[in-house]
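Colleague: I am new to this structure. Can you walk me through how to read its features, step by step?

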Amino acid sequence: MLEKNPNLTLRRLFNALLNKAEMRIGRTHLLSRPYKLTIDVSNSCNLRCPFCPTGRREDGGRPKGNISLESFAAIVDELAPYAFSLDLFDWGEPFFNPQLPDLIEYASRKGLVTTISSNLSFKLTAAHVDAIIRSGLTYLTASVDGADQRSYEQYRRGGKFDLVVDNLRTFVRLKRELGSETPHITWQYLVFAPNEERVEEARRLAQSIGLDGFRPLAGTYDDPSWEPKGDYSFDYLHIHANRCVWLWNSAVFHWDGGWASCCMGFDKHDDFADWKPGAFRQLWNNEKFVAARRIWTDKQSPLPAGHYCTGCDKVLFYRGLPQRSATKPHAPVSQPELHRAHG
């Protein structure tokens with residue numbers, strides 16, 4: 001990741017090296033700061049994807065809303081000097097925040113590699129696409145799980161496949177007209193049993209449009225009948241056998257300032273803290289974060305009762321306990337490799 005960031009500084013490099021060292025030796029109270037950031041700029045969505053809590057219209061105790069530029073800037077100003085990348089999405093559709101071009105531009109000026117993931121199943125004007133391109137966005141992941149309307153709407157319920165394709169063509173055309181190499185656009189295809197047979201057809205369509213990449217990835221599900229025949233999962237414990245890297249190298253914020261443990265935190269009561277300018281180190285090492293890191297650094301320690309991480313499938317797998325979901329454990333890796341499997 002480091003070599004892809006043109007804004008490498010000594011402070012960022014030192015922080016990343018310190019962070020990796022602290023994770024390796026198993027420190028639970030950290031001196032380093034996260035070098036990957038996520039800010040869910042909007043938690044609203046137009047689709048009703050059946051295995052996504054936003055799609056199921058769950059609120060998790062958190063009202064719908066959009067982060068303001070002022071709140072966004074406060075987080076970025078404090079953490080950007082140490083971070084390399086920023087994902088401006090998690091559980092919602094980032095385009096629903098009307099300030100999205102301004103948010104991306106602000107983060108870009110701070111030297112962050114920026115990523116958004118979108119279903120793109122809504123009308124986008126050429127002017128808005130132009131503004132997104134000019135904002136300096138680095139990566140755009142288009143979540144398109146099908147090769148035509150029938151296969152697409154199996155999961156992306158309420159979506160319009162032809163509208164998505166039109167929006168992708170507009171992005172490609174305007175990038176060319178503006179002479180811009182960014183954003184790098186990847187078609188991400190969440191694979192389930194109902195749409196698995198159309199993966200290669202979608203790949204060919206992505207190539208014909210002129211996109212930069214195509215990525216099939218296993219989606220999460222709680223109905224075993226949705227399990228695809230092929231294995232598209234990303235084995236978390238094969239890569240990081242004794243750590244959940246989110247607890248060391250990443251900071252994830254909801255639009256309302258709620259600070260989650262990782263990208264999977266949805267409910268308000270599962271937040272680890274509420275963002276307060278100037279209180280980062282105290283919050284980063286609060287009781288919930290330290291207890292979560294101890295799960296991974298002391299395998300014999302009791303799982304903390306009532307803690308969000310105690311019910312995580314990655315933790316249960318690591319501790320040799322029965323898992324809750326039907327899916328195989330995999331790591332939703334953020335930009336530029338993979339988008340979260342729920343999105």
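Modeller: Start with a buried face. This is a predicted model. In helix H6, the buried residues are Phe161, Val164, Val165, Asn167, Leu168, Thr170, Phe171, Val172, Leu174 and Lys175.

Colleague: Why do residues three or four places apart point the same way in an α-helix?

Modeller: An α-helix has 3.6 residues a turn, so residues at that spacing point the same way. Now look at H6 itself. Phe161, Val164, Leu168 and Phe171 are among its buried residues.

Colleague: What covers the buried residues of H6?

Modeller: The cover includes H4, strand S4 (139–143) and helix H5 (149–152). Strand S5 (184–191) and helix H7 (199–209) also belong to it.

Colleague: How many residues has H6, and what length does it reach?

Modeller: H6 has 18 residues. From its first C-alpha to its last it reaches 26 Å, close to the 26 Å expected at 1.5 Å a residue. Just after H6 comes Gly179, with a positive phi of about 65°.

Colleague: Next, helix packing. By what are two packed helices described?

Modeller: By the angle between their axes and the distance between the axes. Here, take H4 (residues 126–134) and H6 (residues 161–178). Their axes come within 10 Å and cross at roughly 60°. The two helices are therefore oblique to each other. The crossing of H4 past H6 is right-handed.

Colleague: Which residues make the contact?

Modeller: From H4, they are Ala126, Val129, Asp130, Ile132, Ile133 and Arg134. H6 brings Thr170, Phe171, Arg173, Leu174, Lys175 and Leu178. By type, the contact of H4 with H6 has 7 nonpolar, 1 polar and 4 charged residues.

Colleague: Now the loops. Where is Gly158 found, and is Gly158 buried or exposed?

Modeller: Gly158 sits in the loop between H5 and H6. Its relative accessible area is 62%, and the cut-off for exposed is over 50%. So Gly158 is exposed. In sequence, Gly158 and Gly55 are 103 residues apart. In space, their C-alpha atoms are 10.0 Å apart.

Colleague: And where is Ser68 found?

Modeller: Ser68 lies in the loop between strand S1 (36–39) and helix H2 (69–79). At 29% relative accessibility, Ser68 counts as partly exposed.

Colleague: Leaving aside neighbours within four places in sequence, what is Ser68 in contact with?

Modeller: With Gln99 and Leu103. Ser68 and Gln99 are 31 residues apart along the chain, and 7.8 Å separates their C-alpha atoms.

Key
Residues numbered from 1 in each chain as written. Predicted model: local features only at pLDDT ≥ 70, side-chain atom pairs only at ≥ 80, totals over all residues. Heavy atoms only, no water. Axes fitted to C-alpha atoms, helices over the stretch in contact; angles between N-to-C directions. Helix = DSSP H or I, 4+ residues; strand = E, 2+ residues; numbered from the N terminus. Parallel < 35°, antiparallel > 145°, perpendicular 65-115°, else oblique. Left-handed = near helix turned anticlockwise from the far one by under 90°. Contact = heavy atoms within 4.5 Å. Nonpolar A, V, L, I, M, F, W, Y, C, P; charged D, E, K, R; others polar. Expected span 1.5 Å × (residues − 1). Buried < 20%, exposed > 50% of the residue type's maximum accessible area, 1.4 Å probe, protein only.
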